[in-house]
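Thanks for coming. Please have a look at the model first.

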Amino acid sequence: MSSLFFTEEHELFRASIQDFLKQEVLPYTNDWEEEGQIDRTVMKKMGEMGFLGLDTPEQYGGMGTDFMYTCVLLEEIGKSGALGFATMVASHVYLAMNYLNKGGSEALKQKYLVPSASGDLIGALAMTEPFAGSDLKNIRTTAVKEGDYYIVNGSKTFITNAHYGDYIVAAVKTETGISLLVIDNEMEGVTTSKLDKMGLRSSDTAEISFDNVKVPVENLLGEEGKGFYYMMESLQTERLTVSQISIGAMQCAYDLTLQYISEREAFGRSINKFQVLRHKVADIATEIEAWKQFVYVTSARFAQGDFVVKECSMLKLKTSDLLNDVVYDCLQMFGGYGFMEEYPIARLYRDVRVIPIFAGTSEIMKEIIAKIEIEKVEYKPAYK
Ligand SMILES: Cc1cc2nc3c(=O)[nH]c(=O)nc-3n(C[C@H](O)[C@H](O)[C@H](O)COP(=O)(O)OP(=O)(O)OC[C@H]3O[C@@H](n4cnc5c(N)ncnc54)[C@H](O)[C@@H]3O)c2cc1C
C-alpha cells in the first residue's frame, strides 16, 4: 500500500531494522533486563548497519538521511517492545549526538561524533540535577574558566547512559549563563553510580558527581551562555523521538493482545468474541491510528525544517499518556497472565510509566502548549 510519508526505500529500511531487532536484540532483551545492563556490542552492530548515524552527515561517518528514516527506526524499536534498548539508543543518538551534530566544533565532531556513529563511543545528555529537573534554568553545576580549562563542580541525576557510557554532554552554569560541555567519563573527578528503578531496568540510569573536573575549553559546544536555548531547541527532537517510540510501543502491546485474545478461551469461546473486548480493541486501534498519523505528519514537517514546538509538545503529552492507557487496557485483557513476568506485557506496563515524566513532564508540556495558545508565545530555533 502506498504511503503519504514513506517511500519504498523507507520501507526497505524498515524491513532491515525489523530483521536486525529479531536477530540482535529480542533474543537478549530478557537477559539484559535481569542483568540491568545492555551488552554494548549491540551498539557496535547498530553502528555497522548505519543505524546510529541516520542524521549525521556522511563526512562524520553517518548516513545523512532524511528524518523519516529516524521515524521508521524508532517506531520499529518501540514496536519490538525492547524499551530499555530504545532508551539507550535514543539517548545516545537523539540526545548526546544531536548536540554534537548541531553545535560541535570540527575537532569535537572528529573526536566524539565519528566514533558515536560507529557505536564505539556511547554518549549521555546530562541536564537534570537533584534540585532541578523541570526547572532547568536553576541548575547548580558550575563551570569556572581558569586558563584553558573549565573547572566543573556539581551533580546530575537520572542520566541515561551515564554509568556505562563514555562521554556526557553536560549543562553547566558558566559566568555568561548556561553552557554545554562535553565531559569524558574518564576525566579525573567524574564519578557515576547506577540507580535502581521500577522499569526500563536494562537501561543505564545514573547519578553523576563532578568534583573539580578539568574540562578543556575546546569541549564547549556552540557559544558560551547559549546552552539553555540550545536545549530548548533540541528538546523538540527529544520529544518527537519519544513519540515515535511510543506509537511503536502501543502497536506492540496491541499486537500481543490481539494474538492473546484470539487464543484464550472462556465460557466455551475465544475471548475475542466478547463484545466488550471487541469494542475495547476497536477503541484502541482507532486511537493508535489517529496518533500515529499525527506523529508521521509532524515528523514530515520536522524533516522539512519546520520548528514544530507546539506539535512536539502535544505529541509528547498525548502519546505518552495514550501509551500508558493502551498498555493498561491490554494487560487487563490478559487477565492474571498479564501480571506474570513470562508475558512481555508485564514488562511493558512497568516500562511505560516513566514516559510522561522524562523528556519534559506532561505538566510542562501543558504549560508550553498553553503559553503558545494563550499568550501566543513564539519559539525560535537557537541554531542558525
Ligand atoms: C528513567 C529516567 C531517565 C532519564 N534520563 C534523563 C537523561 O538522560 N538526561 C536528563 O537530563 N534527564 C533525564 N531524566 C530526568 C527527567 O527528564 C526528569 O525527571 C524530568 O524532567 C522531571 O524532573 P524532576 O524529576 O526533577 O521533577 P520535578 O521537576 O521536581 O517535578 C515534580 C512534579 O512537579 C511538576 N511540576 C514541576 N514544575 C511544574 C510547573 N511549572 N507546573 C506544573 N507542574 C510542575 C512535574 O510535572 C512533576 O509532576 C530521566 C528520568 C528518568 C526517570
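The charged end of arginine 14 is placed over the ring of phenylalanine 6, 5.0 Å from the ring's centre. Lysine 214 does likewise with tyrosine 149: its charged end sits over that ring, 4.5 Å from the centre. Keep in mind that this is a predicted model.

Now to rings with rings. How many aromatic pairs does a search of the whole structure find? The search gives 18. I will go through two of them.

One is phenylalanine 5 with tyrosine 296. The ring centres are 5.7 Å apart and the planes stand at 55°. Where do the two residues lie? Phenylalanine 5 is in the segment before helix H1 (8–25), and tyrosine 296 is in helix H8 (residues 275–303). The pair therefore ties together parts that are 291 residues apart in sequence. Both phenylalanine 5 and tyrosine 296 are buried.

The other is tryptophan 32 with phenylalanine 85. This pair is tilted too, with 6.1 Å from centre to centre and 35° between the planes. Tryptophan 32 belongs to helix H2 (residues 29–35) and phenylalanine 85 to helix H5 (residues 83–103), so parts 53 residues apart in sequence are tied together.

Are these two buried or exposed? Buried means under 20% relative accessible area. Tryptophan 32 has 5% relative accessibility, so it counts as buried. Phenylalanine 85 has 1%, so it counts as buried as well.

Last item: Phe13, Phe20, Phe51 and Tyr69 make up one aromatic cluster.

Technical notes
Residues numbered from 1 in each chain as written. Predicted model: local features only at pLDDT ≥ 70, side-chain atom pairs only at ≥ 80, totals over all residues. Heavy atoms only, no water. Phe/Tyr/Trp six-rings, centres within 6.5 Å; stacked < 30°, edge-to-face > 60°. Helix = DSSP H or I, 4+ residues; strand = E, 2+ residues; numbered from the N terminus. Buried < 20%, exposed > 50% of the residue type's maximum accessible area, 1.4 Å probe, protein only. Lys NZ or Arg CZ within 6 Å of the ring centre and 35° of its normal.
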